[in-house]
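Here is a short note for someone opening this entry for the first time. Please read the points with the structure in view.

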Amino acid sequence: MPVVPFEIKRPSVQTSCVVFASPHSGRDYPESFLAQTVLDRHVIRSSEDAFVDQLFACAPTFGAPLMSACIGRAYIDFNRDCSELDPALIKGIHSSIHNPRVISGLGVVPRVVAKGQAIYSGKLSSLEVNERIATCWTPYHQALRGLLDQTHRQFGCAILADCHSMPHSAMVDQALVPTDIIIGDRFGAAANPDLVAQIEAAFEAVGLEVRRNTPFAGAFSTQTYGRPRENQHAVQIEIDRSLYMDEERIIPNSNFAVLQKTLSTIIAKIAQINIRPLSLAAE
């Protein structure tokens, strides 16, 4: 039976201009893929933003739709452009464009999972990669674009809250002080600064430490759907995984329910932000 790429949970009545999305929390993998990979089922999950969809599951309760990946990130990455093709993985692909994500093996069809562990022993055909894009990536972004367009028509503005989690080591590896939450707005290019400040304040109000844009400023979805001049905004939210899960075992830790409850308060506040059209940032 084919793996469903994503699911959308809608409120009975949409009262929020915020669309929540979790593009990396998928945990399902086609059997054909599992037969291809040199990794076991546990290691293949190491690049997932595990359980993020569950952390944000209450969003429809507050009038906001939630779109979540079902298929795992190691199979297809919804937060990459479909043109981010890796010549080190895909037969017949040649690229002269310097793309750090692709070079590191994290293109739209990843070559590696966490800690640089190779997924395959050889290369994939262009036909297979194109099939993954056509059956998974394209429908995901058609649906997300549709949600944002419908929301914009209804409220005069739309806000994408793109929800992720990060390894606790992500900041340690870059000699940064560990932070609970990183909010990415492409350094102001993807969202109205007043909106970002309100999201930041919602996290800080419950005692969480927040940083903006470093080391995660937002990737494809934030860049693509953040168009402040059109009253469409995109913000990436990264949560330190150690707050809610055992990263090695990929299971919720004893703090999971506490964080989930805390996030429900934050999600309620975010869902209420600026139902009316947002003003443009001062130039």
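**Notes on the model**

1. Start with a pair of helices. Ile199, Ala202 and Phe203 in H7 meet Leu263, Ile266, Lys269 and Ile270 in H9. By class, this contact of H7 with H9 has six nonpolar residues, no polar ones and one charged one. Keep in mind that the model is predicted.

2. Next, the geometry of that pair. Two packed helices are described by the angle between their axes and the distance between the axes. Helix H7 covers residues 193-204, and helix H9 covers residues 256-271. They pack at an angle of about 155°, and their axes lie 9 Å apart. H7 is therefore roughly antiparallel to H9, since angles over 145 degrees count that way. The crossing of H7 past H9 is right-handed.

3. Now the empty space. Rolling a probe the size of a water molecule over the atoms shows where such space is left. The largest pocket holds about 1200 Å³. Its lining counts 41 residues. Which of them lie nearest the centre of the largest pocket? They are Arg73, Leu106, Ala114, Pro167 and Arg241.

4. Several elements contribute to that lining. Helix H2 (41-44) and helix H6 (169-172) each supply at least two residues to the largest pocket. So do strand S4 (158-166) and strand S7 (232-240). By class, the lining of the largest pocket divides into 14 nonpolar, 14 polar and 13 charged residues.

5. The second largest pocket has about 210 Å³ of space. Ser83, Glu84, Leu85, Pro87 and Ile93 are among its lining residues. The lining of the second largest pocket also includes Ser95, Ile97, His98, Asn99, Val102 and Ile103. How many of these residues are nonpolar, polar and charged? The lining has six nonpolar, four polar and one charged.

6. Two backbone details deserve a look. The peptide bond from Thr214 to Pro215 is cis, with omega near 5°. Pro215 sits in the loop between strand S6 (210-212) and helix H8 (220-225). Arg186 is not a glycine, yet it has a positive phi of about 55°. Look for Arg186 in the loop between strand S5 (181-184) and H7.

7. Leu243 is another loop residue to check. It lies between S7 and strand S8 (245-246). What does Leu243 contact, leaving aside its neighbours within four places in sequence? The partners are Asp180, Leu208, Asn253, Asn255 and Leu259. Lys9 is 234 residues away from Leu243 along the chain, and their C-alpha atoms are separated by 25 Å.

8. Finally, go to Val4. This residue is found in the segment before strand S1 (6-9). Leaving aside neighbours within four places in sequence, Val4 is in contact with Cys70 and Ile71. The C-alpha atoms of Val4 and Lys123 are separated by 25 Å. Along the chain, Val4 and Lys123 are 119 residues apart.

Notes:
Residues are numbered from 1 along each chain as its sequence is written. This is a predicted model: local features need pLDDT of at least 70, side-chain atom pairs count only at pLDDT 80 or more; totals for chains, interfaces and linings use all residues. Side-chain values use heavy atoms; hydrogens and water are left out. Axes are lines fitted to C-alpha atoms, for helices over the stretch in contact, and angles run from 0 to 180 degrees between N-to-C directions. Helices (H or I, at least four residues) and strands (E, at least two) are DSSP runs, numbered from the N terminus. Angles under 35 degrees count as roughly parallel, over 145 as roughly antiparallel, 65 to 115 as roughly perpendicular and the rest as oblique. A crossing is left-handed if the near helix is turned anticlockwise from the far one by less than a right angle, and right-handed if clockwise. Contact means heavy atoms within 4.5 Å. Ala, Val, Leu, Ile, Met, Phe, Trp, Tyr, Cys and Pro count as nonpolar, Asp, Glu, Lys and Arg as charged, and the others, Gly among them, as polar. On a 1 Å grid over the protein atoms alone, a cavity is a set of points where a 1.4 Å probe fits but cannot get out, and a pocket is an open set with protein on both sides within 12 Å along at least five of seven lines; lining residues have an atom within 4 Å of a point. Grid points are joined across faces, edges and corners, and a volume is the space filled by probe spheres set on the points.
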